[in-house]
Amino acid sequence: MHPRDQTIFALSSGRAPSAIAVVRVSGPQAGLALTTLAGKLPAPRQASRRLLRDGAGQPIDDAVVLWFPGPASATGEDVAEFHVHGGRAVLSVLFAAISIIPNMRAAEPGEFTRRAFENGKLDLTEAEGLDDLIHADTDRQRRQALRQLQGLLGDRARDWRERIIEASALIEAGIDFSDEGDVPAELRSPAVKAIKTLHDEITEVLAAQGHSERLREGLVVAIAGEPNVGKSTLMNQLARREVAIVSPHAGTTRDVIEVQLDLDGYPVTVIDTAGIRETDDPVEQEGVRRARARAEDADLVLWLVEGEQAVNPDALRSLRKSEGGDRSEGSVWIVRNKIDLGGRASRLSSEFGISARQGDGIPELVDALVKFASEFFGTTEGALVTRARQRELLVRTSESLRRSLDLVEDGEELAAEELRAAAYALGRLLGRVDVEDVLGAIFQKFCIGK
């Protein structure tokens, strides 16, 4: 029997021990699993209290069971759920009793969701939204993932694809009736209008997204500077706990230290790096190399200096380089530490005065970070794009529509081909055509039981 035809089971709730554990079974043998362990099938979609027994008739647990006959279930298959007490011994015996049922096996990561996708219960954007919702750490991430799960992008993409197919039908009809005078022109005109409207809609959506797909991963802020200027102290202030060792000895931080922050719902990863200086210590040299690399890759660098200390222009110049070219000036901020010892807070928008030890100026710096994150991510409340894969396919769709407009007057066959390419890209976005190469990469990141 093919693995996809087998019945699968897994723990779908939190790790044991817990007050309650939910074990889910999906597939053609789900009903048999319920009757074998609970005696008989309960009424569909109604909770029923049963004493579960193993194959030898020995009691396992006093449980609540549910029965969801397919296709009206989460996966589109027959689904059974066992709500048991969440002890390790209970689960161990329950798993053993389920596993001896013929054609039954433990589920792989994401397999329940993949079956829901394959049975038409979810499109690929909704499946990605579910994964994002499970892994959301901040409220903005949660809201964005929930909108995706509810079909915000999928519904728009299906509508766009249907309209592209309609326009393509008009273009191809014009080709078929090319020998009948004005017929091609009459068909071409509404097709061109529809294609232009579609192109404008998708282009507008892409332009409005900002870095919305980065909300899943978060903003990366690196604290950099020369040794002993207070980087680790600032890191602890931002984290509001001791995450980095603070020492008066230069070179204490040898490796990159990271902490995850929630700033007004924006996920921010703050990195404390080794002090950047010339050194003969091979371990510190490696720390400096890593510090430079992480700072150059960060979305924002807080370059920490002490008081009125001059800023090394060569260091800033190297930090303002990125893979895509020079960064904007605003991606590197000068933070002058120890203003409590006589330094001054600058009035420049990209300079801040703080006391990492006393906390002076920290609220203002945090407010500026929140504003930077807001501008970086753009409008997240209505964002359609949540992954780079989605953006790439929407860009392909937009480009194919633009090329079809350029070709439609002189080469209807080529324009029709570009429309097919646009519809194909949206089909890949939804996961309805030729996406086997991406399914494994997406679903293997799910937890087992989802």
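A residue counts as buried when its relative accessible area is under 20%, and as exposed when that value is over 50%. Keep those two cut-offs in mind. The model here is a predicted one.

Start with D299. Its relative accessible area is 15%, so D299 is buried. D299 forms a salt bridge with R214. The closest N and O atoms of this pair are 2.6 Å apart. Now look at where the two partners sit. D299 lies in the loop between α9 (282-297) and β10, while R214 lies in the loop between α7 (183-208) and β7 (219-225).

R214 has another partner. It also forms a salt bridge with E217, with the closest N and O atoms 3.6 Å apart. Is E217 buried or exposed? E217 has a relative accessible area of 53%, so it is exposed.

Next, turn to the sheet. Strands of a sheet pair through backbone hydrogen bonds, either parallel or antiparallel.

Now zoom in on one pair of strands. Strand β10 covers residues 300-306, and strand β13 covers residues 332-337. The two pair in the parallel sense, over six bridges. Find W303, and you will see I334 of β13 standing opposite.

E351 in strand β14 and R336 in strand β13 form the pair. Their closest N and O atoms are 3.2 Å apart. The partners are 15 residues apart, and the pair links distant parts of the chain. Both E351 and R336 are buried.

How many salt bridges does a search of the whole structure find? It finds 27. Some residues are joined in a network of salt bridges: E77, R105, E111 and R115 are linked in this way.

Finish with a record. UniProt, in an unreviewed entry, places the feature "binding site" at S232 and T253. S232 is in helix α8, which spans residues 231-239. The relative accessible area of S232 is 10%, so this residue is buried.

How values were computed: Residues numbered from 1 in each chain as written. Predicted model: local features only at pLDDT ≥ 70, side-chain atom pairs only at ≥ 80, totals over all residues. Heavy atoms only, no water. Pairing = 2+ DSSP bridges. Helix = DSSP H or I, 4+ residues; strand = E, 2+ residues; numbered from the N terminus. UniProt positions renumbered as here; feature names shortened; annotations may be inferred. Buried < 20%, exposed > 50% of the residue type's maximum accessible area, 1.4 Å probe, protein only. Salt bridge = Lys/Arg side-chain N within 4 Å of Asp/Glu carboxyl O.
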